[in-house]
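Morning, everyone. Please take a look at the model on the screen, and then we'll walk through it together.

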Amino acid sequence: MAENQALFPPMMMKEIADHAPFNTFISSLKASIRNAFHERDNIEKFIQQRGFPAPVWHDIMSANPLSVGIPEAYGGRGVKVRECLGVLETAAYESLPLSLIFGINIGLFLEPVGKYADESLKAGIFKRFLNNRNMGGLMITEPDHGSDALNMQTFNRKNGAYYDIQGTKHWQGLTGMADYWLMTSRASTDGRLGRDIDFFVCDTHQPEQRIEVEEYYNNMGLYPIPYGKNTVNIRVPEQNKLQPETTGLKLMMDLLHRSRFQFPGMGMGFIHRMLDEAIEHVTSRFVGGKSLMALDQVKHQISRIQSAFTISSAMCARSAGHSGIENDLSPDAVEAGSIKSYLTDLMQESAQILTQLLGANGYKAEHVGGRGIMDSRPFQIFEGSNDMLYTQISEGVLKMMNKQKIVNLLDFFRSYPLTVQAADYFRSFLNFKVDVNLAQRKLVDLGKIISKVIAANHVVVLGGKGFRADLIQESLETIRHDITMLVSSYRFPTQTAPVVDYRDNSSWLDFS
Ligand SMILES: Cc1cc2nc3c(=O)[nH]c(=O)nc-3n(C[C@H](O)[C@H](O)[C@H](O)COP(=O)(O)OP(=O)(O)OC[C@H]3O[C@@H](n4cnc5c(N)ncnc54)[C@H](O)[C@@H]3O)c2cc1C
């Protein structure tokens, strides 16, 4: 019998999910996941298949993990960010795809529905999540409009008490699997598309709201999550339209920023796992009669993962206190972008380091290191490609500097609430004037610097609350090192440009 089911019979499992103290709830979830992946089945066997085996999924969902994303008034645990992040972290330690499935449901569906859906819809939706294990995702991206999502061509037209919606969407997590979608589109009047973005809840169990999957994609990582191309030709009742406080664009920013703030839950569990695997390996593997851990370069690499562990801890602590649905996060582009882009870079780096340290064994498809490289890679692309976000972070900060008539970067960091406590750790190398007309590559360097100073500030705050001082110090030192390198790149005057038509006179064979 399943380990947690032996501990907790089914009725008690539901009781725990809905009402138990958080520690009991999370222990039950941990036991469910461990049991599903290591006792009932073996994750290394099925991880290269599409989807989780049904009994594995059943065991995991028996702990009702998505109850954290449902308001108390509807029988859930009350959408407390700390709990949502705890669920994401617990899942990510065992499986990043599992955590992303929870993240999609919580951040991209349940939270926006809880905040913006018509009251008449909520009871039915939340009941199906709690009792029938329903799932929901978000459809934004289109084949011709990804990073420039605001130009999406999917349109809606009011037709009596309904909206007709048509278009094509692709790369949606849970394609063909979700029971509900949040569908984005632009209002069409007289053949012209409006600038605002409208959001509609669509229930795929209703014949007129079914989304047709045209094609499933062969995604390289995140195997358990289906992706593909969807044809949208649906009719939804008018009450299915989300109600923005002002504009749909502001709703979209609030939604996306909240989701970016909650990435650290997924990153936390994933990086923690990379760290544990790496320490376990380098302390038990002997090369030339010496433990790998005795090598200085190995110590350096482990320290980098450990610093990522501390940074994601600090980001989680910050997010738990700041990103609840009661707050309007639409203006928080700089912080949300910083958290998402830096955290996802750290996830990818941690997986790369672990795979390197494992030697050849890390290259086995079933190993969590090599698999982690492919699973974490798209986190740097989706919900805002990182290069785009780093650019936007710099533009946001330059705008603030301009408004406040500040030209020196250190002066800005000393005055900005998100960096004020960390600014002086970096005073020796951030004390320079920032050019207002920077090339994009320099904006990206600057964005990376800003995101690291903001993260350092979160680390300092976490240290102030009593988090282990040695981890805090090592992490700040690692961030200082990285910022020094970035400042050097920022200052290096380069305008290299690719030669697109490079084929003539460029084969080495002609010169040997
Ligand atoms: C695994 C996975 C899961 C996803 N989940 C979802 C989902 O659940 N729902 C959904 O709607 N979509 C989802 N997406 C889609 C994702 O959000 C888009 O792929 C992303 O927005 C990029 O759009 P695109 O693929 O069209 O790339 P493009 O817009 O063509 O961009 C390609 C690349 O160009 C560069 N680039 C683009 N713009 C800029 C810029 N301004 N500055 C610098 N560089 C730039 C970046 O390197 C970027 O990665 C997912 C994608 C993946 C891979």
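How far apart do the C-alpha centres of domain 2 and domain 3 lie? The answer is 32 Å. Keep in mind that this is a predicted model.

The protein chain is divided into domain 1 at 8–134, domain 2 at 138–243 and domain 3 at 250–491.

Now, the contact between domain 2 and domain 3. Domain 2 brings 7 residues, and they are in contact with 8 residues of domain 3. On the domain 2 side, 5 of the residues are nonpolar and 2 are polar.

Next, the ligand. Where does it lie? Domain 2 and domain 3 both give residues to the shell around the ligand, so it lies between them. There are 20 residues around the ligand, and I140, T141, G146, S147 and P378 come nearest. Two elements give two or more residues to this shell: β1 (136–139) and α13 (386–404). By class, the shell has 10 nonpolar, 8 polar and 2 charged residues.

Last stop: a helix pair. Helix α3 covers residues 22–40, and helix α5 covers residues 54–61. They pack at an angle of about 160°, with axes 7 Å apart. Angles over 145 degrees count as roughly antiparallel, and α3 and α5 are therefore roughly antiparallel to each other. Their crossing is right-handed.

Who makes the contact? From α3, we have S32, I33, N35, A36, F37 and R40. From α5, we have P55, V56, D59 and I60. The contact divides into 6 nonpolar, 2 polar and 2 charged residues.

Methods: Residues are numbered from 1 along each chain as its sequence is written. This is a predicted model: local features need pLDDT of at least 70, side-chain atom pairs count only at pLDDT 80 or more; totals for chains, interfaces and linings use all residues. Domain bounds come from an automatic or database domain assignment. Two residues are in contact if their C-beta atoms, placed from the backbone, lie within 7 Å. Ala, Val, Leu, Ile, Met, Phe, Trp, Tyr, Cys and Pro count as nonpolar, Asp, Glu, Lys and Arg as charged, and the others, Gly among them, as polar. A residue is near a molecule or strand if its C-beta atom, placed from the backbone, lies within 6 Å of it. Helices (H or I, at least four residues) and strands (E, at least two) are DSSP runs, numbered from the N terminus. Axes are lines fitted to C-alpha atoms, for helices over the stretch in contact, and angles run from 0 to 180 degrees between N-to-C directions. Angles under 35 degrees count as roughly parallel, over 145 as roughly antiparallel, 65 to 115 as roughly perpendicular and the rest as oblique. A crossing is left-handed if the near helix is turned anticlockwise from the far one by less than a right angle, and right-handed if clockwise.
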